[in-house]
Amino acid sequence: MGSGGSQNNEGTEGEVDDSEEVEDVEAAFESETQSSSPSTSTHHSMTTISRQYFGGDSSADNHTFFIDIIEVIKREVFLSANKIALPFLIEGMTFCFSNIRNLIWVANCRSCWVNAQKIREDYGMFVWPCSIVLSEYVWQQRSRFSGVSVLELGAGTSLPGLVAAKVGAKVTLTDNSKHAEVLENMKRICDLNKLNCEIIGLTWGEWDESVFNLHPQIMLGADVLYDSSDFDDLFATVAFLLHSCPESVFITTYQDRSGHHLIEFLMVKWGLKCSKLLDGYSCIPPQKVCGMPGIIHLVEIVLNNQDSS
Ligand SMILES: C[S@@+](CC[C@H](N)C(=O)[O-])C[C@H]1O[C@@H](n2cnc3c(N)ncnc32)[C@H](O)[C@@H]1O
């Protein structure tokens with residue numbers, strides 16, 4: 001567990017070391033997973049479905065379409081959370097969960113992210129704020145997406161790619177080929193939304209036949225710049241795919257977590273340049289911004305043709 005800790009209801013910081021509390025949380029999880037509705041669940045994980053609205057004022061009453069997203073909370077992930085933390089509950093509210101119970105469980109789960117690095121392989125099972133921002137941007141820029149081939153990298157629950165599919169793009173969703181559960185969940189989410197996207201395993205910095213066959217016109221990546229040890233591999237893949245299709249662009253959203261200089265350095269290394277940089281929150285309806293964390297950047301990246309010529 002990291003040293004950051006998460007804020008509990010009393011406003012103190014700390015890890016889960018109170019056995020009584022852990023038992024309480026464990027009992028609550030067991031009871032919720034056995035009786036939960038509308039989610040499906042097993043004893044070891046809880047599945048929630050959240051509805052994301054687009055267009056109109058993006059409310060349940062006034063929208064153009066919605067996307068349903070399946071998120072899975074594992075028991076061990078859940079138990080890493082200490083308490084229902086109000087700040088995370090508020091953050092969760094921006095995600096339009098279909099029922100308050102699911103909201104609370106997912107809010108708890110999100111709070112784990114602060115201090116539970118061991119859940120990294122589960123990152124693809126949640127909708128991250130960067131994904132909300134990028135999907136709104138896709139919606140706003142929908143005329144750009146109609147009829148073009150779109151590839152989402154590190155798609156996880158795939159909200160931006162699904163919005164692109166909804167507005168008429170031909171979409172391929174990808175995630176780490178070793179994360180079978182994430183890839184399976186992507187398939188379930190596509191089926192739930194009746195969207196016909198291709199789904200493939202694509203691990204950054206690894207080259208197999210499927211990568212050579214891809215020629216996306218637009219690449220999307222939400223919150224894929226979070227672990228600096230992966231940045232070089234990610235940029236290698238992005239640069240390769242940008243070369244595979246002239247005029248293509250990589251649109252990514254990332255949270256300001258300190259990797260800024262490394263990102264700039266790697267763009268130069270891989271012959272890339274930033275063609276647009278926006279404050280992510282400027283792209284989304286005010287009611288979705290409420291409670292979102294930190295700063296989110298939205299960047300469009302293209303080949304730096306001056307360097308590559
Ligand atoms: C923080 S999550 C973001 C998920 C989703 N894009 C979102 O914003 O909700 C990072 C995603 O990158 C994927 N990922 C991590 N390392 C990867 C790698 N080396 N190759 C491909 N995907 C990777 C994870 O499986 C996960 O889905």
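Reader: Is Asp122 buried or exposed?

Author: A residue is buried if 20 or more other C-beta atoms lie within 10 Å of its own, exposed if 12 or fewer, and partly exposed in between, with C-beta atoms placed from the backbone. Asp122 has 23 C-beta neighbours inside 10 Å, so Asp122 counts as buried. This is a predicted model, in which local features need pLDDT of at least 70 and side-chain atom pairs count only at pLDDT 80 or more, while totals for chains, interfaces and linings use all residues. Residues are numbered from 1 along each chain as its sequence is written.

Reader: Where is Asp122 in the chain?

Author: Helices (H or I, at least four residues) and strands (E, at least two) are DSSP runs, numbered from the N terminus. Asp122 sits in the loop between α4 (100-115) and α5. In sequence Asp122 and Val72 are 50 residues apart, and their C-alpha atoms are 8.5 Å apart in space.

Reader: How many helices and strands are there, and what share of the protein is buried?

Author: The protein has 13 helices and 11 strands. Of its 309 residues, 42% are buried.

Reader: What share of the contacts joins residues 24 or more positions apart?

Author: Two residues are in contact if their C-beta atoms, placed from the backbone, lie within 7 Å. Among contacts in the protein with a separation of 6 or more, 71% are between residues 24 or more positions apart.

Reader: Which residues surround the ligand?

Author: A residue is near a molecule or strand if its C-beta atom, placed from the backbone, lies within 6 Å of it. The ligand is surrounded by 22 residues, and the closest are Gly124, Ser131, Gly154, Gly156 and Ala222. For the classes, Ala, Val, Leu, Ile, Met, Phe, Trp, Tyr, Cys and Pro count as nonpolar, Asp, Glu, Lys and Arg as charged, and the others, Gly among them, as polar. The shell then has 10 nonpolar, 8 polar and 4 charged residues. At least two residues of the shell come from each of α5 (129-140) and α10 (228-244).

Reader: What span should α5 have, and how much of α5 is buried?

Author: The expected span of a helix is 1.5 Å times one less than its number of residues. As to burial, 11 of the 12 residues of α5 are buried, including Cys130, Ser131, Glu136 and Trp139.

Reader: What does the same reading give for α10?

Author: The 17 residues of α10 should span 24 Å, and the end C-alpha atoms are 25 Å apart, in agreement. The buried residues of α10 are Leu234, Phe235, Thr237, Val238, Ala239 and Leu242. They pack against β8 (218-222), β9, α11 (260-269), β10 and β11.

Reader: Which strands pair with β11, and in what sense?

Author: Two strands pair if DSSP finds at least two bridges between them. β9 (residues 249-255) and β11 (residues 296-303) are antiparallel over 6 bridges, with Phe250 bridged to Ile301. β10 (residues 272-279) also runs antiparallel to β11, through 7 bridges, and Leu278 stands opposite Leu298.

Reader: Which strands run parallel to β5?

Author: β5 (residues 149-152) is joined to β6 (residues 170-175) by 4 bridges, in parallel, with Glu152 opposite Leu173. Between them the chain passes through helix α7 (residues 159-166) in a right-handed β-α-β crossover. A crossover is right-handed if, with the strands pointing away from the viewer, the path from the first strand over the helix to the second runs clockwise. β5 also runs parallel to β8, through 3 bridges, and Leu151 stands opposite Met219.

Reader: Where is phi positive in a residue other than glycine?

Author: Most residues other than glycine have a negative phi. Ser58 has a phi near 60° and lies in the loop between β3 (45-54) and β4 (65-74). Lys194 has a phi near 55° and lies in the loop between α8 (180-192) and β7 (198-201).

Reader: Are Ser58 and Lys194 buried or exposed?

Author: Ser58 is buried, because 20 other C-beta atoms lie within 10 Å. Lys194 is exposed, because 6 other C-beta atoms lie within 10 Å.
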